[in-house]
Amino acid sequence: MEPKDYIVTDISGEYATLTDIATDDTLFIAMALLPLGTDIGTKLHYEMLEYTIEG
């Protein structure tokens, strides 16, 4: 899978909604798979099966 950049647009319980910055597609993912400190508005980079917070 190619690298992608997301922004967290919603958190509902144990799940987050990520919106692809380039395509506006949405993805629902468990918070346990995201880095500590992830919150609404956090920008994430996905590459090599790992999410990292973009600063």
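Two residues count as in contact here when they have heavy atoms within 4.5 Å of each other. Keep that in mind for Leu44 below. The model is a predicted one.

**The sheet**

Let's start with the strands. Five of them make an open sheet in the order S3-S2-S1-S4-S5, paired antiparallel. S3 (26–30) and S5 (50–53) sit at the edges with a single partner strand each, so one side of each has no neighbour in the sheet. On average, neighbouring strands here are turned by 40° against each other, direction ignored.

| Strand pair | Direction | Bridges | A facing pair |
|---|---|---|---|
| S4 and S5 | antiparallel | 4 bridges | Glu47 with Glu50 |

S4 and S5 also form a hairpin, with 2 residues between them. Look at Met48 in that turn: its phi is positive, at about 55°.

**Leu44**

What does Leu44 touch, once its neighbours within four places in sequence are left aside? The list runs to Lys4, Asp5, Tyr6, Val8, Leu18, Leu34, Pro35, Thr38, Tyr51, Thr52, Ile53 and Glu54. As for Glu14, 30 residues away from Leu44 along the chain, the two C-alpha atoms are separated by 17 Å.

Conventions: Residues are numbered from 1 along each chain as its sequence is written. This is a predicted model: local features need pLDDT of at least 70, side-chain atom pairs count only at pLDDT 80 or more; totals for chains, interfaces and linings use all residues. Side-chain values use heavy atoms; hydrogens and water are left out. Two strands pair if DSSP finds at least two bridges between them. Axes are lines fitted to C-alpha atoms, for helices over the stretch in contact, and angles run from 0 to 180 degrees between N-to-C directions.
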